[in-house]
There are 2 protein chains.
Amino acid sequence: MHPSEAEFANEAFYMAFSRLDVAAMEALWSARHEAVCLHPGWPALIGREAIIDSWRSIFANPDQPPVTFHSASSRSMGPGIVAVVCYEVVAGSTMVATNLFVEEDGQPRLVLHQSGICARPPLASVEDSLDVN
Amino acid sequence: MHPSEAEFANEAFYMAFSRLDVAAMEALWSARHEAVCLHPGWPALIGREAIIDSWRSIFANPDQPPVTFHSASSRSMGPGIVAVVCYEVVAGSTMVATNLFVEEDGQPRLVLHQSGICARPPLASVEDSLDVN
C-alpha cells in the first residue's frame, strides 16, 4: 500500500464522518484486526462492534457539528501499514488526529483512530484544506 | 514480535518518562521510520529529532510531575507491529495513550505515541497498575 492510498482512505473517513454515513464508516474499519478508536475525551474503544456503535451514536446526535480536516501527511510504518496525521476542525475547535491503515484484500482499512484537542494547531492553508462536505 | 514484548517496551517507555531519562527515551524510538509523537494539546511532532528534542524540554522542566500508567493492553496490527493502549496519570489527570511499536533488529521501537485527556477513564485496579518510579 502506497501512503497516497491511505491518504485517499483518510479522505473517505472524513467524508463518512461529515456525511454521518454509518455504512461508509463501517466499510472503512478493519474486519481482521482488533481495532482501536479513541474519540476526544473518551476512554479507549476496542474492537469493531464497540467502534461502529460509537459512530452510530455520534451520527445520531442531532447537534453533531460538521467536521473538516487539513494538513494530512502520511508515512509508511512497515509493510502494508501507513499512519496518516491530520488536523480536524469541529465547531471551531481543532483536534490533532492519527489514522492508522493496514492493507486488507488490497484495500486500506482503519485499525486505529485517535483524536484529541490541539491547543496550538498549525494554520490550514487553502492548498491543504479539504472541505469534505 | 509478540504483543508482550511491546508491553515490556511500553513499561520501559514510562520508566524513561518517569525517571526523566533522555538516553533511555531516545533508545526506544525508531531509527528507521519517520516517527510521530503527539503530546497532549501539542501539534504533531514528526521525525526523531523533533521528538527527542520535545522529551528533552519536557524532562528539563523542573515542575514536570511524575507519570504512572495502568490498564495497558496490546494487539498485533500486522507482521512486526503492535499497538499498546494504556492510561497515563499525571498530576491527578488521566490521559489515554496509544504507543505503536515496530520491530527493528529484533527489538520493539516506537513509531507513534499519542496521548490526550480522558474525561471518563476506567479505574485502575491494583493488579493492572504499575508504579514505574
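This is a predicted model: local features need pLDDT of at least 70, side-chain atom pairs count only at pLDDT 80 or more; totals for chains, interfaces and linings use all residues.

Visitor: OK. How do E3(B) and E4(B) pair, and over how many bridges?
Guide: Strand E3 (residues 67–78) of chain B pairs with E4(B) in the antiparallel sense, over nine bridges. Arg75(B) stands opposite Ala83(B) of E4(B).

Visitor: And what's between E3(B) and E4(B)?
Guide: Two residues; the strands form a hairpin, and Gly80(B) in the turn has a positive phi of about 70°.

Visitor: What about E4(B) and strand E5 of chain B, how many bridges there?
Guide: 10 bridges, with E4(B) and E5 (residues 93–104) running antiparallel. Ile81(B) has Val102(B) as its bridge partner in E5(B). These strands also form a hairpin with two residues between them, where Ala91(B) takes a positive phi near 50°.

Visitor: Why is E4(B) largely enclosed by the rest of the structure?
Guide: Nine of the 10 residues of E4 (residues 81–90) of chain B are buried, so the strand is largely enclosed.

Visitor: Switching to cysteines. How many disulfides over all chains?
Guide: Zero, from a search of the whole structure. Cys118(A) is in no disulfide, and the nearest cysteine sulfur, that of Cys86(A), is 11 Å away. The cut-off for a disulfide is sulfur atoms within 2.5 Å.

Visitor: Is Cys118(A) buried or exposed?
Guide: Buried, at a relative accessible area of 5%.

Note on methods
Residues are numbered from 1 along each chain as its sequence is written. Chains are lettered from A and ligands numbered from 1 in the order in which they are written. Side-chain values use heavy atoms; hydrogens and water are left out. Buried means under 20% relative accessible area, exposed over 50%, partly exposed in between (1.4 Å probe, protein chains only). Helices (H or I, at least four residues) and strands (E, at least two) are DSSP runs, numbered from the N terminus. Two strands pair if DSSP finds at least two bridges between them.
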